[in-house]
Amino acid sequence: MPPPRTREKELRHRLAELRGPEVPAKALDARALAALAANPGCRRRAILDGAGVNKAVLADALGSPSVFGQSQFAFVRGNAFEAKVKADGGTELLRLAHEKLDRAAEPPAGARVPDLTAQGPRGRTARTELALREAGEAPGVWTLLDHPMLALEVAGSPAFLEPDAVVVHPDGSWTVVEIKSFPMLDGAADPAKVGAAARQAAVYVLALERLAARLDPAPRVRHRILLVCPKDFSNLPTASAVDVRKQRAVTARQLDRLTRIEEIADTLPEGTCFSPELPAERLAEAVEAVPATYAPECLSACELAFHCRDRSRAQGAVTRLGRPVRAELGGLTTVGEVLAAARGEAGDPDDPAVAALRRAAALRAEALEAAAPLEVAPCP
């Protein structure tokens, strides 16, 4: 067996071939990992994300454009709000962290803001780890890490993550900070947006826990993150403590279930490439060589969702009806199989799913037969 460094080099070379020699890799971020963890059975998304393929560009090349992405206006507004929150050495941000998470500690004054500049993601990851070590050696002091870089192994491949900020409390514990531009109205924000932010932050918490485990003694990673948003309709920052233990547990479990990327790559035909420069037919053939696990939830989480939905419809797959329906149907995987089982043309009568379908079909037939003689009086 070749040494780990050789295997890693071979895998990087293989993934570069899949992406296309001249195509730059698109780095995985926490939002992508949260979406990937939500659908761990999708080998297509796993290999495309692992290879650094830009799925939005790929979707355009396949003729199924993605509606994903943040508007330029929202992007600029978000950056301006984040700069306001972190102004003056993060004074306001640390005040909010003290108020919402750690009132027993001394108020932040003269907090440390270490320089995390380094070359490349690996260099920034090492610099972040060093800064966290140094913060742990200076108890009683607040420390703010602005855009640190964390590493998390996903399906055998490292992913580099960049949270908005990490706060080190005077007791040495760590808190993830998420800064969002959606408002908090009367102290509450849109639950769907808060949920998405919590799932994203859970990935950062998981990466911090892996980092903390390498330190001695291991610092405590707090399970409540600080969510900072504009207050009401102003541009003034306010914050809320959000418990992400559930999201963290789900993310860890789902990421552990992901098939290793090299295993998926080994099953692909020789010469497979996902470069958007390829002819549409050849590109579609390459994409279809990797099985997908489509569900309606993909429409809000994956740039390739429209392409996969079209293929799912063409194949008559029941997954397009949703995971709960798919779970109820057992071994029946297509709409044709379901209808044949309901009509008594196929399926094992002892199968509970088949028996339920036939009973439902019989009840429907009885209802239609009973309603047939009824005449509806015309409207006056």
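The chain has 15 helices and seven strands, where helices (H or I, at least four residues) and strands (E, at least two) are DSSP runs numbered from the N terminus. This is a predicted model, in which local features need pLDDT of at least 70 and side-chain atom pairs count only at pLDDT 80 or more, while totals for chains, interfaces and linings use all residues. Residues are numbered from 1 along each chain as its sequence is written, and side-chain values use heavy atoms, with hydrogens and water left out.

Along its principal axes, the C-alpha trace spans about 85 × 65 × 40 Å. Of the 380 residues in the chain, 43% are buried, with buried meaning under 20% relative accessible area, exposed over 50%, and partly exposed in between, for a 1.4 Å probe and protein chains only. If we take contacts, meaning heavy atoms within 4.5 Å, between residues at least 6 apart in sequence, 64% of them join residues at least 24 apart.

Let me turn to helix α8, which has 22 residues and reaches 30 Å from its first C-alpha to its last, close to the 32 Å expected at 1.5 Å a residue, the expected span being 1.5 Å times one less than the number of residues. At its N-terminal end α8 is capped by D190, which places a side-chain oxygen 3.0 Å from the backbone nitrogen of A192.

How does α8 pack with α2? Helix α2 (residues 30-38) and helix α8 (residues 191-212) meet at an angle of about 100 degrees, with their axes 8 Å apart; axes here are lines fitted to C-alpha atoms, for helices over the stretch in contact, and angles run from 0 to 180 degrees between N-to-C directions. The two helices are therefore roughly perpendicular, a label that covers 65 to 115 degrees. On the α2 side the contact is made by A30, R31, L33 and A34, and on the α8 side by R199, Q200, V203 and Y204.

Leaving aside neighbours within four places in sequence, Y204 is in contact with A30, L150, L161, E162, P163, V176 and E178. By contrast, P352, which lies in helix α15 (residues 352-371), is exposed, with a relative accessible area of 63%.

Methods
Angles under 35 degrees count as roughly parallel, over 145 as roughly antiparallel, 65 to 115 as roughly perpendicular and the rest as oblique. A polar contact is a pair of N or O atoms within 3.5 Å; within protein, one must be able to donate a hydrogen and the other to accept it, and residues adjacent in sequence count only if both atoms are side-chain atoms.
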